[in-house]
Structures are given as structure tokens and as C-alpha cells.
Amino acid sequence: MTPSTEAIELADCGHAVLDGEVIEVSVLFADLRGFTAVAEQLPPRRMAGLLNRYLTAMVDVILARRGMVQDFVGDGILAVFGAPARDSDHAWQATVTAVEMQAALEFLKRRLEVEGQIRLSMGISVHSGEVFAGTVGSPRQGKYAAVGDTVNAASRLEELNRELGTSIVMSGATIALLSNRVEVRRRGWFSVRGRSHPLEVFELLGLRR
């Protein structure tokens, strides 16, 4: 099939949407455990209400720490710290957010238990590195986003929570930016799905006062 003249013109002006720059950020990915099984048992309206209560609580924490909520991936949340507003302390902000998100979930769980609803759990990962931050998409529909290996690695890193039995994991790249402000346990080097180079992984135990 021969592409239309309009399609060719849109492709030719694709460079116009590359409005951004390469910067260092910290990426947080959170995934709700077992929600797919829960959703199967609930009517759609009740399931959506439960999901929105969870997302509201998590987004409030992220925004309070100057994070940007980039995407909701099902019941997963992708947040970026250090873009679009620059923040040299992005790794710390992302780390504190991870701890506060788990605390917010505990509060929500207690409310849900009183109401006789299902228990929830969550895994979180934090990874730092360079991304392209700017407008991505097509000339017809684009958005501001951070993209690159750092974002992909953060998503894959979160999957290790299941394997390790942890609630918050962080990469060595993030730990190197925190100036001994956290208590961690080194878990070793891991290959993550879809990435050729392994990541050094740490379990977050707490924040140092």
C-alpha cells in the first residue's frame, strides 16, 4: 500500500516533536500485587472505585515530593523525579516517595479492612540515570515524557520484588547518589528482562535521620 501524501508529510516533520533534552533523573515504578485476581472477583464499578482510591493516595504522595506521574500502566504507576522541573536531589525525593507510598498503602489497607474489602500489597523500584525528557509521540498526538533505558530498567527492576520477597528495591546507580542517607541490604547483581547488562540491586530498609 502506498502511503498518502499527508502521511509522508507527517513523517517528514517528525523531527519537530523531538523537543527536549537528555538529563539525569530518578524513575520510580510501583506495581500493585494481586490486583488482577481481585478485579476478576469484583463488579467493574467497584473494581474501578478501589483502583481510583489506591491511585489517588499514591499520586498525592508523588506530587508532594515534586514527582511527575508519567503513566498509569494498568494498576502500575510510573513516576519521574528531576523532570520537567530540575531537581539535583531527585534520587532522595524518589526514595522518600517510595517509603511514603508504602506508608500510605498501609493506611489505605486499614480502611479497606474495616470496610471488609480485600488486602493490597505493592512493590516499588527506584533507578537513576539519563533519559530523553521532552515531547514524544506523533505530530498529531504527543506528550511530555521521559524515555530511555533508565525508564525501562526501572520497570523491570520492580519485578525482582517478587523474587526477593522485598517491598522496595533500588539500583546501585540510585544508591550512589544518596550520600549514605539510607539503610540498605545489598542483594547482588541481577539480569533483568529485556536488558543485556545486569543491575546491582539493593533492598531499602529505611531512611537515616
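Before anything else, a definition: buried means under 20% relative accessible area, exposed means over 50%, and partly exposed is in between, with a 1.4 Å probe and protein chains only. Keep in mind that this is a predicted model, where local features need pLDDT of at least 70, side-chain atom pairs count only at pLDDT 80 or more, and totals for chains, interfaces and linings use all residues. Residues are numbered from 1 along each chain as its sequence is written, and side-chain values use heavy atoms, leaving out hydrogens and water.

So, Ser-128. Ser-128 sits in strand 4, residues 121-137; strands are DSSP runs of E, at least two residues, and helices are runs of H or I, at least four, all numbered from the N terminus. Is Ser-128 buried or exposed? Its relative accessibility is 5%, so Ser-128 counts as buried.

What do the side chains do there? Ser-128 makes a polar contact of 2.6 Å with the side chain of Ser-26, and another of 2.8 Å with that of Thr-174. A polar contact here is a pair of N or O atoms within 3.5 Å; within protein, one must be able to donate a hydrogen and the other to accept it, and residues adjacent in sequence count only if both atoms are side-chain atoms.

Now helix 3, residues 44-64. Its buried residues include Leu-50, Tyr-54 and Met-58. On the other side of helix 3, Arg-45, Asp-60 and Ala-64 are exposed. After helix 3 comes Arg-66, with a positive phi near 65°.

Technical notes
The expected span of a helix is 1.5 Å times one less than its number of residues.
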